Amino acid sequence: MEQNSFFKENTFDFNNKKITRNIINEKLENDGIVILTNFCDVNKQNHIRSEFKSMYKKMPKWAKLISKNSGYTIHYSPLVRYINKATKYCKISSTVFKEKILNNLRSKYLNNSRVLERMIYTVDKVSDEPITEWHIDLFPTGSKCLKFFLYLSDTDDKSGAFSYIPSMHSYIHLLHKKYDVKERTKRLFTYENIKKSLIDFSKSLELKSNKNEYNSLIKKIKLMDDHIINQDKYDNFFSIPAKAGTLIIFDAAGIHKGGIIQEGERHVIRSHFLEYPLKRALKSKNDLYLYLMNRLCKLKAFLKKEEVLF
Ligand SMILES: [Fe+2]
């Protein structure tokens, strides 16, 4: 099968110290995705899996288990875990994305104002249904969201590989700003709706005589649609098969999906980092509480030299 060339250009070996932050930042900015192979060694992968395995047997009150027809999800907020003084749990997994290079990337991408919203561990098993349909992640505030998605099992097109359509995220951010909350849920909800919104947007570029930008977007929409026959059928052109330990970092405004599992299981841990400026925090009591608690607990952990990430 034809391989999308962007995967090669956006994939870096995490052990290669010659890679500069600037290249990774630039790729993420332009395409909305970068892939870091060898991010997490087998020992660490096993630790993370066993941390969640023991939680699965006896769920602490600050974490949540969601059972599905074909697998399960465990999620928790690292901030709530810290407030509950439960730091003996998830020692490895809660700080797996604490690497300096990732910190720099998050700060740059989310304009120095970020909050780690949650850690999510998912186990998906054989099913006729895809793990998720093509979608973008919608946030009522329109905030940017950066996701860190770590394969904890070898994953290919038969075991539910993650798929992503590169360089669409920046158009979706513009549409986010253009639409109000109600319009966003209507116009950016299914693959067909998203495609239609992008086509409408391209027409507005044509009207403004922005020929280059118009041609570029039309080309991208055509490439996307050539490989997606309908919402749940596609030819894996955009899928990312990779070894366990590979980290995929992506802007959640890009169009993405989880594949169908025909054999084996897919184990993934992921986290969501949200853009969280003070302006947003002032919108509601809950938002302000989260903002202040985040800052306060960060300071406390820093003074006590505790290993945390939130
Ligand atoms: Fe998503």
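A residue is called buried here if 20 or more other C-beta atoms lie within 10 Å of its own, exposed if 12 or fewer, and partly exposed in between, with C-beta atoms placed from the backbone. By that criterion I35 counts as buried, because it has 23 C-beta neighbours inside 10 Å.

Colleagues, two remarks on the source. This is a predicted model, in which local features need pLDDT of at least 70 and side-chain atom pairs count only at pLDDT 80 or more, while totals for chains, interfaces and linings use all residues. Residues are numbered from 1 along each chain as its sequence is written.

Let me stay with I35. I35 belongs to strand 2, residues 33-37; helices (H or I, at least four residues) and strands (E, at least two) are DSSP runs, numbered from the N terminus. Which residues does I35 contact, leaving aside neighbours within four places in sequence? They are F7, N10, T11, I240, A242, T246 and I248, where contact requires C-beta atoms, placed from the backbone, within 7 Å.

Phi of N38 is near 55°, a positive value in a residue other than glycine. N38 is partly exposed, with 14 other C-beta atoms within 10 Å. C90, in the loop between helix 4 (78-83) and helix 5, also has a positive phi, near 50°. C90 is buried, with 25 other C-beta atoms within 10 Å. For context, most residues other than glycine have a negative phi.

I turn to the core. A nonpolar core is a set of buried Ala, Val, Leu, Ile, Met, Phe, Trp, Tyr and Cys residues joined through C-beta atoms within 7 Å. The largest such core has 63 residues, of which L150, L247, I248, I249 and I269 touch the most other members. Strand 7 (residues 145-151) gives the most to this core, with 5 residues. Beyond four places in sequence, I249 is in contact with L28, I33, V34, L146 and F148.

Next, helix packing. The axes of helix 2 (residues 21-31) and helix 5 come within 10 Å and cross at roughly 45°; axes are lines fitted to C-alpha atoms, for helices over the stretch in contact, and angles run from 0 to 180 degrees between N-to-C directions. The two helices are therefore oblique to each other, since angles under 35 degrees count as roughly parallel, over 145 as roughly antiparallel, 65 to 115 as roughly perpendicular and the rest as oblique. The contact is made by R21, I24, N25 and L28 of helix 2 and I101, N104, L105, K108 and Y109 of helix 5. Y109 is partly exposed, with 19 other C-beta atoms within 10 Å, and, not counting residues up to four places away in sequence, touches L28 and L146.

How are helix 8 and helix 9 oriented? Their axes come within 9 Å and cross at roughly 160°, which makes helix 8 roughly antiparallel to helix 9. Residues K195, L198, I199, S202, L205 and E206 in helix 8 meet E213, Y214, L217, I218, I221 and D225 in helix 9.

Finally, helix 6 (residues 169-178) has H169, Y171, I172 and L175 as its buried residues. They lie on the same side of helix 6, because they cover an arc of only 155° around the axis, taken from the directions from the helix axis to the C-beta atoms. On the other side, L174 and K177 are exposed. The cover over the buried residues includes helix 8 (191-207), helix 9 (211-227) and strand 12 (247-251).

Key:
Two residues are in contact if their C-beta atoms, placed from the backbone, lie within 7 Å.
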